[in-house]
Amino acid sequence: MRLLASKKANTRQLGSSICCCSQALMHFMPAVALHLCLQPLLLAIQEAHIYNDSKTAVDLVLKNSPADTLAAFQQLAAANSSSNSSGSSSSSSSIDRAALQQFVNEQLDPAGSDLQQCVPPDWQQRPATFLPNLTAAAAAGDANATQLLQFGLDVHALWRVLCRQVSPAVAQHPERHSLLPLPNRTVVPGDRFRETYYWDSYWVVRGLLVSGMTETAAGLVGNLLSMLKAVGHVPNGARSYYLNRSQPPLLSAMVRELYEAAPQADPSLLSRALPLLLREHAYWTTAPKQVTISAANGTTYNLSRYYADWQQPRPESYREDVATAANATNSSSSSSSSSSSSNDTAAAAAAAAAAAELYQQLASGAESGWDYSSRWFADNETLGTIRTTQIVPADLNAFLYQMERNIAWAANSSGNAATSEAFNQAAAQRLAAMQALLWDNTTVNQAAAQRRAAMQALLWDNTTGMWHDGVLAPANTTNSSSSTTAAAAAGQVFTLTQNPGIFASNFVPLWAGLAEGNEAQGVQVVGALQSSGLVGPAGIATTLYPTGQQWDYPNGWPPLQHMLIEGAAKYGGAAGRTFAADLAHTWVTMNMRVFNNTGHMHEKYDVSHASGLVGRGGEYAPQVGFGWSNGVALDFLSKYY
């Protein structure tokens, strides 16, 4: 049995899905994704391994119209077919690799050529108010402060390196680009991540504010708002192939950070952002992303999950997804000896359904930002068992609780008392649900209602002192990700069991404010983090499980360090503040050491060695730049020195 019935079928299905996605978004960018319908060309590029990274192929820029490019490719394919001694029909695999490489060079411009480097107008070589404590200590002759200040200035200088402006050609000929046209300059993560990304931008904004670059921060937030306005959610990134999913919803937090730090940077920000944030909230709190869960006592709660609208290989990770599907099929086929030809049709149909399900789980895992981690795997170690849509994530629901609080704040600041009250209540309801379903504590105060009650009831575990992800199962249905998808579509109620795994995400709700007003719980969470085994010599590991995936041990990621350290400092009492300061110093010292050794800030780090190593694992080579790493380092330098 093969997971993909044929290359031809796979090409037809993938192309159809992308074209339909493009047609649904014509109001935003006329046919911006149309060149992705050139699937024979893209499939040929992927199969020939013209580029080591699958993403490069879908970031290329057409020199001519899609129709002209397709016609030229068809001529190339026909010429290769006629010269093929085997007499086989025209196919991408029959094209000579050298001829294909020449065609690509002639017909397409390089990936990233539709982005222009720029210098942020508010960037200064040495801002007047930059890291004042370190500046004063360095001026007084403190050698350590001098070294740290120089590191901060080196990181600050990277904003110039990472600044990008979308080329005017994207708006003039959107059909030739997968890049989305954005109105403002932006700051990108770096390396292969050459465009704007959603949740990365939160930590970029935090770092820009430390650098005094409020205009650039406002422009970045404006870009995200523009995409939200156009499509009803903030895409994973500013590419057409990312429109099928979002990422952890932190835009409301960016709006609040920017407005509170520099209201003059964008005086109309709240009035423009509030209706758009309401749209984003609806996106995350509507089925199939939102599910209804019945607790053991019969009380029902609404919580959310990651759920991408995609059932094909991700265009930016095409080869990787096809390989994952093939491996999963080989594993499942090894236990079956049936080879009857009468079963071929049924086997092919089952294989196609299994492929579609797996591809959706992979895309949904990418929506989480944790692509990939044992956190999503049914067997805790194998990517082919991914079941993202079956998981109710503790951190996602914490982000939504924070969003609801931020919307209430924005509405109140804008004089909209009714909306403010409604979203304060919604936030309280989410917290209650998490406490009821993911935390087992009968004594905690659950006076606030639905969201807070749900998180407390369903996701909190008083024995472990942390929130946990929940695993869904529809009532009276087998416990599988396929059944949860069908059940959500039918509006069914789910049951939930907690995933006992130890993940850094279990502690993110502390950062989002779920222990606000309950210091005893905050102290308990900090104590659980300290004894969890996640805290390593150079920072906090993502999980305890060394699977080879990049969101697993021994990697430590900058956003997780920031959220867990900031949460401990804010809600963990005196011990939490001491713990946070020590961890921040450890992280900064390691970052500085690796930067001095390599000349780069890195996307992730190996925290198992005190000296600090570059993080590895996952689908692509280690990346440098790096937007969120820079933001976290600058924020820690500002707060803890």
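What is the volume of the largest cavity? It is about 260 Å³. The model is predicted, so local features need pLDDT of at least 70, side-chain atom pairs count only at pLDDT 80 or more, and totals for chains, interfaces and linings use all residues. Residues are numbered from 1 along each chain as its sequence is written, and side-chain values use heavy atoms, with hydrogens and water left out.

**Cavities**

A search of the whole structure finds four cavities of 30 Å³ or more. A cavity is a set of points, on a 1 Å grid over the protein atoms alone, where a 1.4 Å probe fits but cannot get out. Grid points are joined across faces, edges and corners, and the volume is the space filled by probe spheres set on the points. The largest cavity, at about 260 Å³, is lined by 24 residues. Lining residues have an atom within 4 Å of a point. Closest to the centre of this cavity are Phe193, Tyr197, Gln247, Asp371 and Tyr620. Its lining holds eleven nonpolar, five polar and eight charged residues. Here Ala, Val, Leu, Ile, Met, Phe, Trp, Tyr, Cys and Pro count as nonpolar, Asp, Glu, Lys and Arg as charged, and the others, Gly among them, as polar.

Asp371 also takes part in a cis peptide bond, with Tyr372. Omega there is about 5°. Tyr372 sits in the loop between α14 and β8.

**The largest pocket**

A pocket is an open set of points with protein on both sides within 12 Å along at least five of seven lines. The largest pocket has a volume of about 480 Å³. Its lining has 18 residues. Nearest its centre lie Arg256, Glu257, Gln402, Asn406 and Lys570. Four helices, α9, α11 (251-261), α15 (394-413) and α21 (558-571), each supply at least two lining residues. Helices (H or I, at least four residues) and strands (E, at least two) are DSSP runs, numbered from the N terminus. The largest share, five residues, comes from α11. By type, the pocket lining divides into seven nonpolar, three polar and eight charged residues.

**Aromatic pairs**

The structure has 27 aromatic pairs. Rings of Phe, Tyr and Trp (its six-membered ring) pair if their centres lie within 6.5 Å; planes under 30 degrees apart count as stacked, over 60 as edge-to-face and the rest as tilted. Trp199 and Trp628 form an edge-to-face pair, 5.4 Å centre to centre with 85° between the planes. Trp199 is in the loop between β5 (186-187) and α9 (200-210), while Trp628 is in helix α23 (residues 627-640). The two are 429 residues apart, and the pair links distant parts of the chain. Both partners are buried (under 20% relative accessible area; exposed is over 50%, partly exposed in between, with a 1.4 Å probe and protein chains only). The value is 2% for Trp199 and 3% for Trp628.

Tyr306 and Trp376 make another pair, with ring centres 6.4 Å apart and planes at 85°, so this pair is edge-to-face. Tyr306 lies in the loop between β7 (300-304) and α13 (318-333), and Trp376 in the loop between α14 (344-367) and β8 (391-392), so the pair ties together parts 70 residues apart in sequence. Tyr306 is buried at 1% relative accessibility, and Trp376 is buried at 0%.

**Helix details**

Which residues of helix α5 are buried? In α5 (residues 97-107) they are Leu100, Phe103, Val104 and Gln107. Seen down the axis of α5, the buried residues fall within an arc of 100°, so they line one face of the helix. The arc is that of the directions from the helix axis to the C-beta atoms. At the start of α5, a side-chain oxygen of Asp96 reaches to within 3.1 Å of the backbone nitrogen of Ala98.

Gln456 lies in helix α17 (residues 450-458). It is buried, at 2% relative accessible area.

**Backbone exceptions**

Pro288 is in the loop between α12 (269-284) and β6 (290-294).

| Residue | Phi | Relative accessible area |
|---|---|---|
| His49 | near 55° | 44%, partly exposed |
| Asn380 | about 70° | 45%, partly exposed |

His49 is in the loop between α2 (39-47) and α3 (54-59). Asn380 lies in the loop between α14 and β8.

Note on methods
Polar contact = N/O pair within 3.5 Å; in protein donor to acceptor, adjacent residues only side chain to side chain.
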